[in-house]
There are 2 protein chains.
Amino acid sequence: MRQLRGAEVSAKIKEQVQAGLAELTGLPPKLAIVRVGDKPDDLSYERGAKKKLESFGLRVQSYAYPEKIGDADFFRAFCELNADPEVTGILLLLPLPSRIRMDRIRERIDPDKDMDGISPVNLAKVFAGDPDGFAPCTAEAVVDILKENGILLAGQRVTVVGRSMVVGRPLSMLLLKENATVTICHTRTRDLEKVCREADILVACAGQKRMIDRTYVKDQAIVVDVGIHVDESGTLCGDVAYEDICETASMATPVPGGVGSVTTAVLAKHLLQAAQRAQRRKEMQ
Amino acid sequence: MRQLRGAEVSAKIKEQVQAGLAELTGLPPKLAIVRVGDKPDDLSYERGAKKKLESFGLRVQSYAYPEKIGDADFFRAFCELNADPEVTGILLLLPLPSRIRMDRIRERIDPDKDMDGISPVNLAKVFAGDPDGFAPCTAEAVVDILKENGILLAGQRVTVVGRSMVVGRPLSMLLLKENATVTICHTRTRDLEKVCREADILVACAGQKRMIDRTYVKDQAIVVDVGIHVDESGTLCGDVAYEDICETASMATPVPGGVGSVTTAVLAKHLLQAAQRAQRRKEMQ
């Protein structure tokens, strides 16, 4: 079985981003990472993203707010950075505390700065297959891993296990745009193994530790694992029982080292695209 | 085979709408039908919708503009009726002439008046499975026909043939909300017959005259036909070769008399919902 490693795809995206950056004038694009509180997961993600984006030649600035910040205060601060012409793109570390009304944040975020596709405008574009919309980075990372590895999507049967708004649903629409025949499965799907075995390409984004074993995988199918969990022994693992599917699948992404490492590269790509659009708008004025 | 007739579903929706209207204060809700030019199809649809909505106890007013109207003039007129508190809901007869920029109309239409789900806000809600979003009426009509006939959707395999933004895509999301396992097919799907034969419920919205014959239908499957065409002999027909599937399917919608007759009832339901929301907003002030 061939391992689909994220690092190689990330390196290709890095080359594309750097080529694009060379054509831009002024300071490098800047990502604002918006964080409320100091959750260890958020801090660790933030450090990783900062390091990677800076290695691509991009700027990253943290906007951290106290855990106890009120809805009105947060909204005011958010609107200010949203309007700041120095900020090229925005990434919110989610979920925010429940007292903060996410609805109006989603509606307010400038769609041109919305790097992880949370605004209605971008989601509607992803839904419609409009390439101008920013898709959630993880969903796009799955498509990039497949395409950058030369895997044909048009006419292929792809089964997506999971229907979240960060992966399953937007990914299904991105796959549809690539002319795949898409089946969306979830917790209420009957005979899930059988439905999964129809797939030429199986994407696991169910959020269930090692749930996809070889009984779900057609012989020679391609398996993409979006899950990321820590198991009982403290080891990172995905939604796929990787060792178990090795003999059945023709290719699969590992965890760690698969989709996760491409997600930040997609974030960098979005930041470049946002900067390119901002520059075009400026030139047209 | 049992025929799933739209008239019965439409009658049920009429009862619900009339019960809702009885609780409203003031004049009955008013639908603005916006038309550019005098295309016979538009005029015929407009007459039918007006007659049906008035029979439900609703008001309908046509806003007709000359075929040659400029983009700026149309936009100005549209913004005015969009802001008119007397207008409860808006239906645009599409497509408009290409000189009219639909993008800014979609972005401008008040999501609370957007009866056929064309605004990004409503599409994003439909995408996310948020019941507050207005879905395109035809897509919702398909779900209503199935549900009002007591057909179980949760856990069922539903195949949707067609991926348009007026039916296929939003319908897939509505079916997902009902916990169906959804497969989306299109012109690039390989071995379409086989994929369709996996379906417990098959929805044809491909826009191809009588393309779905019995080779696409699993024994005892339920078939919903969204297509509407006029054949060589001047007879109305759908995407399904109805006579051919009769012995195979357990239930199917006819054309005419199926989905089409429910679509306007869904439009009436949306208009009631818009009026209910407007009243709640008024009461909260």
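Reader: Hi! How many residues of chain B are in contact with chain A?

Author: In this predicted model, 22 residues of chain B are in contact with 22 residues of chain A. Two residues are in contact if their C-beta atoms, placed from the backbone, lie within 7 Å.

Reader: Which elements of chain B supply at least two residues each to the side that touches chain A?

Author: They are α5 (120–128), α7 (168–177) and β6 (181–185) of chain B. The largest share, six residues, comes from α5(B). Helices (H or I, at least four residues) and strands (E, at least two) are DSSP runs, numbered from the N terminus.

Reader: Before I go on, what should I know about the numbering and the model?

Author: Residues are numbered from 1 along each chain as its sequence is written, while chains are lettered from A and ligands numbered from 1 in the order in which they are written. Since the model is predicted, local features need pLDDT of at least 70 and side-chain atom pairs count only at pLDDT 80 or more, whereas totals for chains, interfaces and linings use all residues.

Reader: Thanks! Back to the two chains: through which surface do the copies meet?

Author: The copies meet through the same surface, because 100% of the interface residues of chain B are also interface residues in chain A.

Reader: And how can chain B be laid on chain A?

Author: A turn of 180° with a shift of 0.0 Å along the axis does it, with an RMSD of 0.0 Å. The two copies are thus related as by a two-fold rotation axis. The superposition is by least squares on the C-alpha atoms of residues with pLDDT of at least 70 in both copies.

Reader: Which residue of chain B comes closest to that axis?

Author: That is T183(B), whose C-alpha is at 2.0 Å from the rotation axis.

Reader: What about α5 in chain A, is it mostly covered or mostly open?

Author: Mostly covered: eight of the nine residues of α5(A) are buried. A residue is buried if 20 or more other C-beta atoms lie within 10 Å of its own, exposed if 12 or fewer, and partly exposed in between, with C-beta atoms placed from the backbone. Among the buried ones are P120(A), N122(A), K125(A) and F127(A).

Reader: What do those buried residues pack against?

Author: They pack against α4 (102–108) and α7 (168–177) of chain A, together with α5 and α7 of chain B. Just after α5(A), G129(A) takes a positive phi of about 80°.

Reader: Which residues other than glycine have a positive phi?

Author: R210(A) is one of them, with phi near 45°. R210(A) sits in the loop between β7 (201–204) and β8 (222–225) of chain A, and is partly exposed, with 19 other C-beta atoms within 10 Å. Another is D191(B), with phi near 55°. D191(B) lies in the loop between β6 and α8 (192–197) of chain B and is exposed, with 12 other C-beta atoms within 10 Å.

Reader: Where do I find cis peptide bonds?

Author: One joins V255(A) and P256(A), with omega about 0°. P256(A) is in the loop between β11 (251–252) and α10 (259–284) of chain A. The bond from L94(B) to P95(B) is also cis, with omega near -5°, and P95(B) belongs to the loop between β4 (89–92) and α4 (102–108) of chain B.

Reader: New topic: in what order do the strands of the open sheet in chain A run?

Author: The order is β3-β2-β4, with parallel pairing. β3 (59–65) and β4 (89–92) stand at the edges with a single partner strand each, so one side of each is left without a neighbour in the sheet. Strands pair if DSSP finds at least two bridges between them.

Reader: How many bridges join β2 to β4 there?

Author: Four bridges join β2 (residues 30–36) of chain A to β4(A). I33(A), for instance, has L91(A) as its bridge partner in β4(A).

Reader: Last one: which residues touch the most other members of the largest nonpolar core?

Author: V142(A), V203(A), V142(B) and V203(B) do, in a core of 179 residues. Such a core is a set of buried Ala, Val, Leu, Ile, Met, Phe, Trp, Tyr and Cys residues joined through C-beta atoms within 7 Å. Leaving out residues up to four places away in sequence, V142(B) touches L171(B), V203(B), V224(B), V226(B) and V259(B).
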